[in-house]
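The following report describes one protein model, moving from individual residues to the protein as a whole. Please consult the sequence and the structure alongside the text.

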Amino acid sequence: MSDKTDHEARRMYDDAVEREECRKVDLRHPKEWKNGHLERKMGHLACFAGGMFALGADGSRKDKAGHYLELGAEIARTCHESYDRTALKLGPESFKFDGAVEAVAVRQAEKYYILRPEVIETYWYLWRFTHDPRYRQWGWEAALAIEKYCRVSGGFSGVKDVYSLTPTHDDVQQSFFLAETLKYLYLLFSGDDLLPLEHWVFNTEAHPLPVLRLANTTLSGGYGCQLCGQRSHGPEVTLTKTGGHRLGYNLQQLCGAVPGPSLKITDEELGR
C-alpha cells in the first residue's frame, strides 16, 4: 500500500527469500515444518506463494526480478499439477513429494477440496504480469471442474475426495468461495484496467485496498455507482491535505450520491 516506498519491507522480503535459498530450500514447492522436521508436503493454502513471488518481482532489483517471476511460475505449475493429477481436476487440501509420489495426496483426510482460492489467485497474478495464456487456460479448467462437480441445488459445495469420479459433497459453501475464488476467476478473465495492480493491493482475503500516494491523487477501479449510474464513482478515493492542529490526510469517497465516511490518517500514523 506504500506505493513501493517502504524500503525496509522490501529489504526484509529479499533477505527472507535469500536465507531460505541459502539453506538449500526448494521454493518451487514449499514444504511444511512439523514437529521439528521438514515434511515433504505442500498444502493448498501455500499455493498463494506463486502470486506472492510474481508480486515480489515487480519493483525488485533487475538481478532478482526474473528469478522471482520464475519461482512464481514454478509454484503455479506445481499447484496446477496437483489439480491435473486428480479425477475431478480439482486440487486436494495437501499433496506429497515422496519418491514416486509427486503432487498427489496420500492420506484420505487430505483428499478433500473445499472451494479454496489460492491456486486461482496465483493464476491471476501471473496472468497480470506475464499474459501467458496458460494461466487463463488453467483457470478455465478449474472453473469447469467447479461447475461440474461442486454445483448443487443451493449453490456450491466442497467435495470429500477429488480422486473419486463419484464425489461426495460436504454440504458446505465456504464464505471465501464468493469473496475470493469467484473474484479471482472473474479478474482472471477481465481486462487489466479492472482494479489495476499499480493502484490496488489485495489483502489475504482478496479485499482490494487503494495504494496510498500522499498527494492530490484519484484512483479508479472502474466500478460504476449503483445510485447515479456513472462509471468510476464507487471505489474512487482521493488523498488531500487537511488543515487543523493535527496535519493529516483524508481518504474520502468521491461519489456525490454516496459521500461515505472519511478516514483520517495523521502524521503520527505515517511515521512522521
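## T130 in helix α4

T130 is part of helix α4, helices being DSSP runs of H or I with at least four residues and strands DSSP runs of E with at least two, both numbered from the N terminus. With a relative accessible area of 33%, T130 is partly exposed; buried means under 20%, exposed over 50%, and partly exposed in between, using a 1.4 Å probe and protein chains only. Apart from neighbours within four places in sequence, T130 is in contact with L69 and Y135, where contact means heavy atoms within 4.5 Å. L69 lies 61 residues from T130 along the chain, and their C-alpha atoms are separated by 9.0 Å.

## Basis of the model

This is a predicted model, in which local features need pLDDT of at least 70 and side-chain atom pairs count only at pLDDT 80 or more, while totals for chains, interfaces and linings use all residues. Residues are numbered from 1 along each chain as its sequence is written, and side-chain values use heavy atoms, with hydrogens and water left out.

## R85 and Y163

R85 is placed in the loop between α3 (62-84) and β4 (94-98). Its relative accessibility is 41%, so R85 counts as partly exposed. Beyond neighbours within four places in sequence, R85 is in contact with E102, A103, V104 and Y163. The C-alpha atoms of R85 and V162 are 9.5 Å apart, although 77 residues separate the two along the chain.

Y163 belongs to the loop between β7 (155-156) and α6. Y163 is partly exposed because its relative accessible area is 24%. Between Y163 and V104, 59 residues apart along the chain, the C-alpha separation is 9.6 Å.

## The largest pocket

The largest pocket holds about 1,200 Å³ of space. Of its 39 lining residues, M1, M52, L55, G56 and V201 are the closest to the centre. A pocket is an open set of points on a 1 Å grid over the protein atoms alone, where a 1.4 Å probe fits, with protein on both sides within 12 Å along at least five of seven lines; lining residues have an atom within 4 Å of a point. The volume is the space filled by probe spheres set on the points, which are joined across faces, edges and corners.

At least two lining residues come from each of α1 (7-22), α2 (49-57), α4 (118-130), α6 (175-188) and β8 (200-202). Helix α4 provides the largest share, five residues. The lining comprises 17 nonpolar, eight polar and 14 charged residues; Ala, Val, Leu, Ile, Met, Phe, Trp, Tyr, Cys and Pro count as nonpolar, Asp, Glu, Lys and Arg as charged, and the others, Gly among them, as polar.

## The annotated position T204

An unreviewed UniProt entry lists T204 under "binding site"; such annotations may be inferred rather than shown by experiment. T204 lies in the loop between β8 and β9 (208-210). T204 counts as exposed, because its relative accessibility is 64%.

## The protein as a whole

The protein has six helices and 13 strands. Of its 272 residues, 42% are buried. Among contacts between residues at least 6 apart in sequence, 53% join residues at least 24 apart. The accessible surface comes to about 14,600 Å², with 54% belonging to carbon and sulfur atoms, as computed by the Shrake-Rupley method with a 1.4 Å probe.
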